Amino acid sequence: YKDEGRPDTVRRNDHPTVKPTPLMRYLCRLVTPPEGVVLDPFMGSGTTGVACANMGKTFYGIELEPKYFDIACKRIEAAYAQGRLFA
């Protein structure tokens, strides 16, 4: 999952705790109402945001480290550009 959703313009995702996107889709679906908003205060490399983009959910993420913030933004932008993949 390290390079999943990574556009070619983004360096390798070297975040130490990357989560599987299917797991994050499941967890977001489990705890978020259908029209709910997902907030990830520790965004890391953005896997939760990618999962939300795949499901068409609104996502807000916060990340302190600029290196990971840049990776997350690129991954999430690419996922939203790809469109909704999962209902």
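## A tour of the helices

Along the sequence the order is α-β-α-β-α. The model is predicted: local features need pLDDT of at least 70, side-chain atom pairs count only at pLDDT 80 or more, and totals for chains, interfaces and linings use all residues. Residues are numbered from 1 along each chain as its sequence is written, and side-chain values use heavy atoms, leaving out hydrogens and water.

Colour by accessibility. Of the 87 residues of the protein chain, 38% count as buried (under 20% relative accessible area; exposed is over 50%, partly exposed in between; 1.4 Å probe, protein chains only).

Next, select helix H1, residues 21-31, and find Leu30 in it. Leu30 counts as exposed because its relative accessibility is 55%.

The axes of H1 and H2 come within 8 Å and cross at roughly 70°. H1 is therefore roughly perpendicular to H2 (65 to 115 degrees; under 35 is roughly parallel, over 145 roughly antiparallel, the rest oblique). Axes are lines fitted to C-alpha atoms, for helices over the stretch in contact, and angles run from 0 to 180 degrees between N-to-C directions.

Finally, go to helix H3, residues 66-82, and pick Ala81. Ala81 is exposed, at 68% relative accessible area.

Technical notes: Helices (H or I, at least four residues) and strands (E, at least two) are DSSP runs, numbered from the N terminus.
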